Amino acid sequence: VQSLVNRLVSAWNQHDAADFASLLTEDGEWTDVIGQTAVGRKEVERMHVHPFASVLGEAILVVKSSRTKWIKHDVATIDLVWESTGHKTPEGKPIPGTRRGMLNLVVKKEGNGILKIVVGHNVDYTATFTQSDRNRMMDE
């Protein structure tokens with residue numbers, strides 16, 4: 001699991017769409033932070049080429065924590081809490097601050113024992129409710 005997480009972070013931080021897509025099964029699916037879903041390695045790669053070359057071109061992803069739940073001996077879910085900095089607007093202007101979110105992955109061991117992502121959902125919490133919003137709602 002840690003090897004897959006390290007490879008994911010490395011591919012993301014090197015802004016390498018092909019390397020990133022190689023982490024998925026051939027028919028893997030990826031849903032990005034704006035809700036777009038790509039099916040298949042080639043489509044996942046295509047989905048990341050432009051963002052990695054523009055708005056995410058200088059972004060750095062850091063995994064803050066992870067949780068793994070084995071469903072079967074060769075299938076697991078992995079939740080990765082992440083932070084990211086260095087984002088830009090589509091016009092190339094820096095976006096200050098840190099984005100925070102979670103990657104939810106379903107992974108399986110392939111015949112060679114290497115874990116591959118079957119389904120990945122990336123959620124960005126930055127533009128949604130904060131913890132203080134949640135606490136305020138719970139108090140009402």
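**Close-up views of a predicted model**

**View 1. The largest pocket holds about 460 Å³ of space.** This is a predicted model, in which local features need pLDDT of at least 70 and side-chain atom pairs count only at pLDDT 80 or more, while totals for chains, interfaces and linings use all residues. Residues are numbered from 1 along each chain as its sequence is written, and side-chain values use heavy atoms, with hydrogens and water left out. A pocket here is an open set of points on a 1 Å grid over the protein atoms alone, where a 1.4 Å probe fits and protein lies on both sides within 12 Å along at least five of seven lines; lining residues have an atom within 4 Å of a point. The volume is the space filled by probe spheres set on the points, which are joined across faces, edges and corners.

**View 2. The pocket lining has 24 residues.** Nearest the centre you will find Val 33, Pro 51, Val 55, Leu 56 and Arg 99. Helix 3 gives the most to the lining, with four residues; helices (H or I, at least four residues) and strands (E, at least two) are DSSP runs numbered from the N terminus. The lining divides into 15 nonpolar, six polar and three charged residues, where Ala, Val, Leu, Ile, Met, Phe, Trp, Tyr, Cys and Pro count as nonpolar, Asp, Glu, Lys and Arg as charged, and the others, Gly among them, as polar.

**View 3. Asp 124 sits in strand 6.** Asp 124 is buried, at a relative accessible area of 15% (buried means under 20%, with a 1.4 Å probe and protein chains only). Its side chain makes polar contacts with the side chains of Arg 99 at 2.5 Å and Thr 126 at 2.7 Å. A polar contact is a pair of N or O atoms within 3.5 Å, one able to donate a hydrogen and the other to accept it within protein; residues adjacent in sequence count only if both atoms are side-chain atoms. Leaving out residues up to four places away in sequence, Asp 124 also touches Val 33, Trp 82, Arg 100 and Gly 101, among others.

**View 4. The largest nonpolar core has 28 residues.** Such a core joins buried Ala, Val, Leu, Ile, Met, Phe, Trp, Tyr and Cys residues through side-chain atoms within 4.5 Å. Helix 1 supplies its largest share, six residues. Phe 20, one of the residues with the most contacts inside the core, is in contact (heavy atoms within 4.5 Å) with residues including Leu 8, Trp 30 and Phe 52, neighbours within four places in sequence aside.

Technical notes
Buried means under 20% relative accessible area, exposed over 50%, partly exposed in between (1.4 Å probe, protein chains only).
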